[in-house]
Amino acid sequence: MALQCVVVALALTLLGSSPRECAPQQGPGTDEDGFDLENYDLTGETDWENMDLNSYGDSFDYNDVNQEIEVGTVAPAAPATPPHATEPSEYEEGGALPPRPTTPPPPVTLDFRGPGLFGPETGLGMPTCLLCVCIGGSVYCDDIDMEQIPPLPKDTTHFYGRFNRIRHVKNTDFVNLNKLKRIDLTGNQISGMDEDVFLPLPQLEDLLLADNNLHILPALPATMRLIDFRSNHLTSAGVQQEAFKDISQLEFLYLSNNKLDYIPTPLPESLRVLHLQNNNIQSLSEDTFCNRHNRSYVRRLLEDIRLDGNPLHLRWWGRAYTCLPRLPIGGF
C-alpha cells in the first residue's frame with residue numbers, strides 16, 4: 001500500500017496536486033509507529049532521484065489494513081505434485097530399483113484347438129468365427145482369399161464361401177454337419193471334388209457352385225431343392241444318367257453356360273425352373289418334358305424353361321413341349 005501511495009503521489013505531484021491524499025488514514029488497527037508524522041514533509045519538494053523506494057512499507061503491517069482488494073484476473077494455482085507411486089516394501093529402505101526390461105514381453109497367444117467360443121481352429125492362426133462372420137447358424141466367409149474350406153461349427157445351417165480361391169472340395173470339409181441346408185461356393189476356382197462329398201449331408205437343400213471350373217456334376221442327395229452349376233465346364237458325359245430322377249423335391253435347376261449336348265432326363269415332377277441357355281443342345285424328344293404314352297398329360301409346375309443360345313430350332317420339336325403351360329424361351 002505504501003508503495004502504491006508513493007507512485008500515486010508521484011503522479012499527483014507531476015499533475016500539481018498534493019501528495020497528502022495518499023497518506024494512510026489513522027484509525028483503529030493502524031500502527032502509528034510505522035509512520036514518522038512529525039518529519040513528514042507535506043509542503044517541501046521531494047527528492048525523487050535519491051528516494052529509496054525499498055524503504056517504504058518495511059515496518060507497515062499489511063495484515064492490519066482492513067481494505068477490500070478487487071482482483072480482475074487470478075493466476076491459476078500451481079498443479080499439485082502427483083504423489084509418487086509407492087514402491088514395494090523391499091525397496092523402501094534405500095534399495096535400488098531393478099532395471100527395466102529392454103525387450104517387450106512376448107505377445108499373448110490364445111489356444112483355440114477345441115471348438116471354443118469362436119468355433120474350431122482353422123489352421124490359419126484364428127478360429128473360424130474370427131476369420132469369417134458367424135450369425136446364428138450362418139457362416140459367411142466371402143471374399144477373404146481363402147484356398148480351402150475352414151472347419152465349420154457343428155450347428156452350421158448355411159455356409160457362404162463365395163469369391164475365394166478354393167480349388168478342391170474334400171470329403172472332410174462337411175463331415176458331421178447334419179444341420180447344413182445351404183452351401184454357396186459361387187465364384188471360386190473349383191475344378192474337382194472328392195467322390196460323394198455331398199451325399200452324407202441329410203438336410204442339404206441348396207447347392208450353388210456357379211462360376212467355377214467343374215467338368216463333372218457330383219452325386220447329390222435326394223433332399224435337394226435348388227441346384228446351381230451355371231458357368232462351369234459341364235459336359236453331358238460328366239452328368240450321370242438319371243442324375244435328377246430321385247430328387248423328388250427339386251424346384252430350381254440352373255445349368256446355363258456349360259457344354260451340355262442334351263437335356264439330362266428324366267426331370268422330377270416338382271421342377272419349376274430349368275435354365276439351359278448357352279449350351280450345345282441340338283435336339284429334344286417327346287419325353288424330355290412330356291409323356292409320349294399319355295397325350296393328356298399336363299406338366300403344370302414347369303413354367304420357366306430357357307433354351308436360348310443353343311443350336312436348336314424349337315419349331316422342329318413341337319411335340320416335346322405340348323404338355324407345358326408356357327412355351328420354352330429359345331429360337332424358333
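Student: Where is the place of N258?
Tutor: This is a predicted model. In it, N258 sits in the loop between strand 9 (252–254) and strand 10 (273–275).

Student: Is N258 buried or exposed?
Tutor: Buried. Its relative accessibility is 7%, and the cut-off for buried is under 20%.

Student: Which backbone oxygens does the side chain of N258 reach?
Tutor: The one of F229, at 3.0 Å. Also the one of S256, at 3.1 Å.

Student: And which residues is N258 in contact with, leaving aside neighbours within four places in sequence?
Tutor: There is a run of F229, R230, S231, N232, H233 and L234, plus N278 and N279.

Student: What does Q203 touch, not counting residues up to four places away in sequence?
Tutor: N178, K179, L180, K181 and T223. Take N178: it is 25 residues from Q203 in sequence, and the C-alpha atoms are 6.6 Å apart. A polar atom of the Q203 side chain lies 3.3 Å from the backbone oxygen of N178.

Student: Now the sheet. What is the strand order?
Tutor: 1-2-3-5-7-8-9-10-11. That is nine strands in an open sheet, with mixed pairing.

Student: Why do strand 1 and strand 11 each have a side without a neighbour?
Tutor: Strand 1 (133–135) and strand 11 (304–306) stand at the edges and have a single partner strand each, so one side of each has no neighbour in the sheet. From one strand to the next, the twist averages 5 degrees.

Student: How many bridges join strand 3 to strand 5?
Tutor: Three. Strand 3 covers residues 158–160, strand 5 covers residues 182–184, and the two run parallel.

Student: What about aromatics, how many pairs?
Tutor: Three aromatic pairs. Y140 and Y160 make a stacked one, 4.8 Å centre to centre with 5 degrees between the planes. That pair links distant parts of the chain: Y140 is in strand 2 (residues 138–140), Y160 is in strand 3, and they are 20 residues apart.

Student: Which accessibility class does each of the two fall in?
Tutor: Y140 counts as partly exposed at 31%. Y160 is buried, at 12%.

Student: Which residues form the aromatic cluster?
Tutor: F159, F174 and F198.

Student: Last topic. How many disulfides does the structure hold?
Tutor: Three. C129 joins C134, S to S 2.0 Å. C132 joins C141, also given as S to S 2.0 Å. C290 joins C323, S to S 1.9 Å.

Student: What about handedness?
Tutor: For C129 and C134 the torsion about the S-S bond is about -90 degrees, so that disulfide is left-handed. C132 and C141 have 105 degrees, and the link is right-handed. C290 and C323 have -90 degrees, left-handed.

Student: Where are C290 and C323 in the chain?
Tutor: C290 is in the loop between strand 10 and strand 11, and C323 is in the segment after strand 11, 33 residues apart. Both are buried. C132 and C141 are buried as well, whereas C134 is partly exposed at 28%.

Student: And the pairing of bonded cysteines in sequence order?
Tutor: 1-3, 2-4, 5-6.

Notes: Residues numbered from 1 in each chain as written. Predicted model: local features only at pLDDT ≥ 70, side-chain atom pairs only at ≥ 80, totals over all residues. Heavy atoms only, no water. Pairing = 2+ DSSP bridges. Helix = DSSP H or I, 4+ residues; strand = E, 2+ residues; numbered from the N terminus. Axes fitted to C-alpha atoms, helices over the stretch in contact; angles between N-to-C directions. Buried < 20%, exposed > 50% of the residue type's maximum accessible area, 1.4 Å probe, protein only. Polar contact = N/O pair within 3.5 Å; in protein donor to acceptor, adjacent residues only side chain to side chain. Contact = heavy atoms within 4.5 Å. Phe/Tyr/Trp six-rings, centres within 6.5 Å; stacked < 30°, edge-to-face > 60°. Disulfide = S-S within 2.5 Å.
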